[in-house]
Amino acid sequence: MSPAPDDPKTIADELRRFLLAEFLPGEDPANLKDDTPLRTGGILDSVATLKVVSFVEQRWSIEIDAHEAGVEHFDRIADIAALVKRKRGK
Amino acid sequence: MGPSSAPGAASLADLLEASARRDPARVAIVAPDGRTLDYRELDERADRVAGFLRAHGVRPGDRVGFCLPKGLASVVVLFGAMKARAAYVPVDWGGPAARNATIHRDCQVAALFLGEARADVLAAWPESERPRVVVRVAMGETGSSAAPAAAGAAASFPAGAHDFAAALAHAPLAEPTAARDRGQLAYILYTSGSTGVPKGVALTHGNALSFVDWCSELYAPTAADRFSSHAPFHFDLSIFDLYVALKHGATLFLVGEELGKDPKALPRFVAEKRLTFWYSTPSVLALMAEFGQLETLDLASLRHVLFAGEVFPVPSLRRLTKLLPRPRYWNLYGPTETNVCNFAEVVPPVPDARTRPYPIGPLCSHCDGLVLDEKQVEVAKGEEGLLWIAGESLFQGYWGRADLDAKVFLQRGGRRWYNTGDVVRWVDGEGFLYVGRRDRMVKRRGYRIELGEIEAALQRDPTLREAAVVALPDPEAGVRIDAHVAPAAAAPPSLIALKRWCAQALPPFMSPDRFVVHEKLPRTSTDKVDYPALLRRSAEGAAR
């Protein structure tokens with residue numbers, strides 16, 4: 001898979017598709033907003049979070065450290081997209 | 001036993017005090033933030049907290065609650081409570097506020113130690129029923145690595161709340177230790193309840209000490225050992241970590257909440273701290289084997305790996321023992337009500353041909369067991385039946401729930417037996433094999449879950465008219481939990497909204513994995529929810 005484009009909106013949309021398919025089958029995509037809480041909102045538990053981290057690392061060819069996947073930096077699509085953007089910019 | 005024992009201990013606090021007298025300057029606790037307490041410091045701080053509690057009206061036999069992250073403060077508080085001859089009642093630091101408040105109201109805690117970031121727990125109490133003594137523990141004082149309190153959290157504490165610093169500055173309790181009694185309650189651990197309300201498992205010092213002494217004989221730990229403390233203190237695996245380590249004057253390394261969930265970082269932690277004992281659920285060990293890059297680490301310090309709380313899937317255990325062939329592996333079994341009552345050593349590596357899960361093994365020396373059928377008649381050796389346990393480590397009962405006690409206890413041969421609810425059968429040469437359950441209790445990530453508690457939480461959701469929950473075997477997670485729901489309105493409910501409701505009402509390990517939406521739930525001819533039909537529907541869904 002080639003690295004995806006770095007536009008934050010593209011990153012967010014791809015994350016949204018992944019989250020809907022993996023963890024929210026059948027949900028109306030409009031309900032999963034960029035600021036919907038994923039961890040504190042009960043959508044991702046700790047194991048599901050690992051799956052998201054693996055997906056993001058592979059899709060955008062980056063490495064995410066444990067502290068970066070903490071709930072304060074990794075709770076919303078917007079947070080994760082910003083993290084990807086920042087890492088890709090390095 | 002050698003000099004490490006605390007002869008004639010009447011209280012878990014005696015274990016700490018004996019170690020503090022023997023080797024006061026040895027490090028007892030290493031907190032997630034790196035701070036440490038040596039044995040003298042830990043003992044003195046606990047004495048002061050005990051003095052504070054007694055001066056503020058906490059009497060022997062009272063309950064002392066705490067909602068604190070894993071850290072120095074939580075260890076000081078639990079020993080302080082026991083030194084004041086009160087029972088400590090821990091709750092999940094990250095748990096839903098309403099559930100935590102329900103637990104502490106149920107056993108009417110006389111004092112509550114609350115980390116500043118969880119002021120929301122107090123808001124869930126009716127003001128008139130709040131505990132007499134509330135102690136605010138600033139996040140910097142917890143010795144945890146938890147995130148600092150949100151601004152304004154402190155303002156939510158009542159005006160009369162005490163600061164933890166004041167408790168630590170109080171004159172120590174001066175009370176003859178002869179007043180201590182093995183029959184006094186040491187702690188109450190709450191587990192999932194089938195009607196939606198958690199139930200409190202009440203255990204005495206004697207119950208815990210009989211288990212701790214058995215561990216001493218089996219493992220012969222020394223002061224040079226370095227123990228993990230991975231399980232939170234409201235989880236009964238913590239009893240081994242805390243009291244076996246501190247009885248022997250060893251060092252206990254507290255694993256913080258974030259690290260505890262990070263299977264990539266946990267093996268590095270074991271290597272860096274040169275731990276000699278590791279104890280956790282199989283789920284955590286399986287993730288460490290999968291994600292932890294064990295082959296790249298020097299884990300030669302590890303002598304014993306203990307696991308309990310659920311069945312270890314054989315492929316994961318094989319993987320772990322192949323990556324890490326040196327330590328001895330121990331499968332421990334026992335509900336919170338009995339402490340550990342069975343044990344089996346697993347000799348690595350797990351053979352490739354083995355598919356059957358390892359047995360829970362023979363009984364520990366502090367327990368006796370019976371395998372009975374539904375009519376409470378002993379089954380023939382090798383046949384399936386319910387495992388009943390008697391012995392010194394057996395709990396006293398469920399707090400304030402004589403109705404539940406009547407269901408689980410049996411008087412026989414002048415002894416009190418407890419029905420574990422687990423179906424087992426004897427296998428020659430291996431001991432007992434765990435077969436399963438006949439009720440609605442399941443285990444996930446080592447936690448017991450009454451499906452009725454999840455149903456009760458969903459039935460309170462105003463967007464739902466009906467809800468029923470089933471559990472299915474799952475190759476990856478062991479157990480999958482499906483919630484079948486029928487919405488109150490015509491529009492289908494949002495999955496995101498349902499998950500958010502569960503996150504607020506239930507601990508994370510109890511949230512359903514999947515929701516199946518029905519117009520109305522299938523019913524039997526007698527108008528009961530048709531669970532077999534729901535299970536079939538769930539199984540079909542999984543196949544799609």
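Is Ala220(B) buried or exposed? Let's count. Ala220(B) has 12 other C-beta atoms within 10 Å, so it is exposed. The cut-off for exposed is 12 or fewer. Where does Ala220(B) sit? In the loop between H7 and strand S10 (226-229) of chain B. Its backbone deserves a look too. Phi of Ala220(B) is near 40°, a positive value in a residue other than glycine. Most residues other than glycine have a negative phi.

Before going on, a word on confidence. This is a predicted model. Its scores are ipTM 0.89 and pTM 0.88. Chain B has a mean pLDDT of 93. In that chain, 96% of residues reach 70 or more. Over residues 1-5 of chain B, pLDDT stays under 50. For that stretch the model has seven contacts beyond four places in sequence. Where pLDDT is low, the predicted coordinates should not be read in detail.

Now the layout of chain B. It is divided into domain 1 (12-261), domain 2 (367-437) and domain 3 (442-543). Take the centres of domain 2 and domain 3 of chain B, over C-alpha atoms. They are separated by 30 Å.

Next, the contact between the chains. Chain A gives 17 residues and chain B gives 16 residues. What classes of residue does chain A bring to the side that touches chain B? Five are nonpolar, eight are polar and four are charged.

On to the inside. In soluble globular proteins, nonpolar side chains tend to be buried together. Here, the largest nonpolar core has 137 residues. Those with the most contacts inside it are Leu53(B), Val64(B), Ala81(B), Ile188(B) and Leu252(B). Which helix gives this core its largest share? Helix H3 (residues 72-83) of chain B, with nine residues. The core also draws at least three residues from each of domain 1 (12-261) and domain 2 (367-437) of chain B.

Let's zoom in on Leu252(B).

Why is helix H8 (residues 237-247) of chain B largely enclosed by the rest of the structure? Because eleven of its eleven residues are buried. Asp241(B) and Lys247(B) are among them. Just after H8(B), Gly249(B) takes a positive phi of about 70°.

Helix H1 (residues 12-22) of chain B is largely enclosed as well, because nine of its eleven residues are buried. Those buried residues include Leu12(B), Glu17(B) and Ala20(B). What do the buried residues of H1(B) pack against? Helix H2 (39-55), H3, strand S8 (185-191), helix H7 (205-219) and H8 of chain B.

Now Thr204(B). It lies in strand S9 (residues 199-204) of chain B. With 23 other C-beta atoms within 10 Å, Thr204(B) is buried, because the cut-off for buried is 20 or more. Beyond four places in sequence, its contacts include Arg182(B), Leu185(B) and Gln396(B). Ser316(B) is 112 residues from Thr204(B) along the chain, and 36 Å separate their C-alpha atoms.

Then a hairpin. Strand S22 (residues 441-444) and strand S23 (residues 447-450) of chain B pair in the antiparallel sense over four bridges. Lys443(B) has Arg448(B) in S23(B) as its bridge partner. Two residues lie between S22(B) and S23(B). In the turn, Arg445(B) has a positive phi of about 50°.

Last, two loops. Asp527(B) is in the loop between strand S26 (514-517) and helix H16 (531-543) of chain B. It has a positive phi of about 70° although it is not a glycine. With 7 other C-beta atoms within 10 Å, Asp527(B) is exposed.

The other loop runs between strand S15 (342-346) and strand S16 (367-372) of chain B, and it holds Pro349(B). What kind of peptide bond joins Pro348(B) and Pro349(B)? A cis one, with omega about -5°. Most peptide bonds are trans.

Terms used. Residues numbered from 1 in each chain as written. Chains lettered and ligands numbered in written order. Predicted model: local features only at pLDDT ≥ 70, side-chain atom pairs only at ≥ 80, totals over all residues. pLDDT = per-residue confidence, 0-100. Contact = placed C-beta atoms within 7 Å. Nonpolar A, V, L, I, M, F, W, Y, C, P; charged D, E, K, R; others polar. Core = buried A, V, L, I, M, F, W, Y, C linked by C-beta atoms within 7 Å. Domains from an automatic or database assignment. Pairing = 2+ DSSP bridges.
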